[in-house]
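Subject: Structure for you to look at

Hello,

Here is the structure I said I would pass on. My notes on it follow below.

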Amino acid sequence: MATPKDKVLQMRRGAVMRLFESKFQNPTRITVGSATCENAAGAGAVYDAFAELLSKPGAPKVALGRVGCTGRCDLEPVVSVIAQGHIPVKYVKVTPARAEKIVEQHIRGGKIVDEFTMRHVANLPMTGKVVGVCGGMHCRQGQGIREAFLRGVEEQGLKEQVAVTTSACFGLCERGPNAFVYPDGVLYQKLTPEKVAKIVEKHLKGDRPVAECAWGGKRIANRFLPLYGDEAFFGKQLRLTLRNCGVIDPESLDEYVAVEGYDALARVLTEMSPKQVVDAVVKSGLRGRGGGGFPTGTKWQFAASQKADQKYMVCNADEGDPGAFMDRSTIEGDPHTILEGLMIGGYAIGANQGYVYIRAEYPLAIKRLERAIADARAAGLLGRNILGSKFDFDIELRLGAGAFVCGEETALLKSIEGSRGMPRPRPPFPTTAGLWGKPTVINNVETLANVPVVIIDGPEWFASLGTAKSKGTKVFSLAGKVNNTGLVEVPMGTTLREVVYDVGGGIKGGKAFKAVQTGGPAGGCMPAAALDTPVDYDSLAAAGSIMGSGGMIVMDEDTCMVDVARFFLEFTQDESCGKCTPCREGTKRMLEMLERITKGQGQEGDVEKLLRLADTVKKASLCGLGQAAPNPVISTIKHFRDEYDAHIREKKCPAGVCASLVTYSVIPENCTGCTACARKCPVKCIDGAPKKAHVIDQEQCIRCGQCLAACKFDAILRK
Amino acid sequence: MTAQEEKVTTLAELPEPIARFIDETRDRPNADSYLVAVLQMIQKHFGYLPAGALNTVSQKMQIPAAKVTGVATFYHFFTFVPKGKHTVSVCMGTACYVKGAGILVDRLKDLLGIRQIGHASKDGQFTLEVARCVGACALAPVLIVDDKVYANVRPDELPKILSKYGFKPKAE
Ligand SMILES: Cc1cc2nc3c(=O)[nH]c(=O)nc-3n(C[C@H](O)[C@H](O)[C@H](O)COP(=O)(O)O)c2cc1C
């Protein structure tokens, strides 16, 4: 009888055939990014423009498709032109007009439109080949590999054709040092300077890969490599969770199945007992990515050991941290992975029903999940007797209704049950008494997306990535005042500096770095001195923040840290469900104090009061919301005490943010007397005749800043 | 009967798809748990939760009115006042805030003459809201008008964006 494995293999054959006929048979493919961010940037119109251009009579034969988030949010919409044997060309900030030029010049004329490409924007040479030398911890010990490549390329006169860069860990540490050559997709292992010389001569110059130095295996982590085309951004990344994001069409089951989708499920159903699955996850060292960092295998073990007539698996896709969008992007880019992770979890703990609790604010993610669930059900991957294995499992979506506290697991369960989403004390933990009192496992989106990787590539391999206590990778949504904003995934142990400066490309507009915030309203702000902290659960906690779910916001000299603390407190205070007093009253009083300080009404001793109250709220609150709410205040006081003092003692906001503490004045030398500011001023407090320098009446000024926005000559000073 | 009493005891007819959804889910295990989903459908249909509709939900789903109200008032997403024709929301996520979303809110209040978040302009054209992070942080600050997301919005662009929805700026 056909096993689940046979069945998925058969599905894969069919999928690949269909894709070949519809897509890969074409010499060229064009993919348009299609996620919430991309659509906001105008990707929909761009897709339509391509569709129209390519459907005209006599148009070149090109397969057009959509993919999920491509990661580079600041450059969206991103369009890739992928031709066999070439480095994919990524066009950025594409508009319908640019689309026309791309079709005309590149697709028809075979000439890349240089000025629209990502490499042009990133100021990288347009070379024929790129060598990515692994910069991971293990490989770095094999000194001199990068230098050997650079020397060889120089000696052979290949500088115009070959670029040499540093890449993140390829996840092949046991075979390091490694280097990867793309677009050819060859991964070299156990390199020595002698081998490098040979590779340079035979492969880089002669275009014949050196088979005896190459690694013949396959690994999920390497799937993304041939599609880089933007090594400045992707070089330091290692994509496991996001392995398919920006690669496959998220609305196509065929595309997911073609890239080993549902392989892990098939393997689990065919050859592993539930206990073996739990053991594998334990062994992998995978920890929860939702913020807590609880070992996933242990959680599954607890639920698996419970005797009950019904158990549940829940995926937490509430993603309430303001400033985080990795779970949304993962679902929008690769929804089937989440379903597969849930199903494997269900099999492991003995649950037949799964729920995805997702925020109503994510309509596109919801639509793609609904579609994925329907497709999986139609293909026999969900429902009764999955793949003939006698395992039943089904998944339902439940929508959140805008309450941050519902991300907390006990509140989330209440919300799924249709009640007010209020947390309750633990124990009992949900693994004992969860949904409707039955044993329930709640896992974050990213946690579940890692599960198929653990199964396919093995727990030992997964455990070889990262640091001693934090395994694998972490996805961050990098935003704020950094050049490359977007979705990044780095191996655990990468330093904050590497994320902000290498992947993120440094601070926008050449301003000075001030702080990086992780963990959202539950986390803290880390100053420049902490930039060399490695990204892992324990190091970030030691540095006064938390790993959190993955929001990472970069702040520069123009950010006021007191105002940031106030912002987060306003958030938690508003989201406090009101059940327990320390959180309900404590956050309110803390917020009032912070508001006073930012208005210039702070008093000596306020900081000490804040710290004392923070301590009480932390210790006495019922759930994680209150327990973590003071963190932004504590960490900003710890690292930026001078800013608090400036607000309280000198009544000044050094960053010029707090409206009551800034003044606006005219710089007479720059003022041309154009009267633009005087016309905009809502209280008419700007005086001055046309063509003469204006003056702001400080008594009447309400500090709204409209004059600053109106001035085209940099003549308004904000201090 | 006073007007107030009448309001709380009237039953409003639910739109057909919502009534059908309640009927379809009635026999499923834990049918109560669809309450939030039903409220979401009602809000989507009417733009807010009319009192009469809540009473009907209570009857049809056999859930005490107190619980229905309790749930409806708990979640930020639900509102009890009718909305303007268009909804303008400013994202107040961290990235947007750091990049000046607060200034956008102030400007919008000014432009639309709306004093309080959640309320509609006098002409009933616009409701101003602040959104929890919509997850488009890399495009901060963002503004959402109905379903369309505007990226990297500057305060001086606001009149132009609003004019697409029939806004006429006051003469300066
Ligand atoms: C106030 C609060 C909000 C939370 N929000 C989320 C969230 O949005 N997403 C999430 O996965 N976990 C969130 N958590 C953590 C969950 O309670 C829970 O630990 C997590 O979903 C477990 O999954 P994991 O072990 O895979 O990380 C939140 C916790 C608290 C206290």
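In this predicted model, the largest nonpolar core holds 68 residues. The members that touch the most others are A:Tyr262, A:Leu265, A:Val277, A:Trp300, A:Val356 and A:Phe393. Take A:Val277: beyond its neighbours within four places in sequence, A:Val277 contacts A:Val268, A:Met272, A:Trp300, A:Ile344, A:Tyr347, A:Ala348 and A:Ile455. There is also a second, separate core, with 59 residues, and both A:Cys37 and A:Phe568 as well as B:Cys96 and B:Val105 are among them. As background, nonpolar side chains in soluble globular proteins tend to be buried together.

Next, a sheet in chain A. Four strands form an open sheet in the order S6-S5-S7-S8, and the pairing is mixed. At the edges are S6 (162-167) and S8 (186-188), each of which pairs on one side only. From one strand to the next, the twist averages 20 degrees. Strand S5 (residues 129-134) runs parallel to S6, and six bridges join the two. In this pair, A:Val133 stands opposite A:Thr166 of S6. In general, strands of a sheet pair through backbone hydrogen bonds.

Helix H7 (residues 145-155) of chain A lies across S5, S6 and S7 (179-182). The angle between helix H7 and S6 is about 175 degrees.

Last, the domains. The assignment for chain A lists domain 1 (22-67 + 79-116), domain 2 (129-228), domain 3 (269-460), domain 4 (473-559), domain 5 (562-650) and domain 6 (663-718). The centres of domain 5 and domain 6 of chain A, taken over C-alpha atoms, are 35 Å apart.

Regards

Definitions and conventions: Residues are numbered from 1 along each chain as its sequence is written. Chains are lettered from A and ligands numbered from 1 in the order in which they are written. This is a predicted model: local features need pLDDT of at least 70, side-chain atom pairs count only at pLDDT 80 or more; totals for chains, interfaces and linings use all residues. Side-chain values use heavy atoms; hydrogens and water are left out. Two strands pair if DSSP finds at least two bridges between them. Axes are lines fitted to C-alpha atoms, for helices over the stretch in contact, and angles run from 0 to 180 degrees between N-to-C directions. Contact means heavy atoms within 4.5 Å. A nonpolar core is a set of buried Ala, Val, Leu, Ile, Met, Phe, Trp, Tyr and Cys residues joined through side-chain atoms within 4.5 Å. Buried means under 20% relative accessible area, exposed over 50%, partly exposed in between (1.4 Å probe, protein chains only). Domain bounds come from an automatic or database domain assignment.
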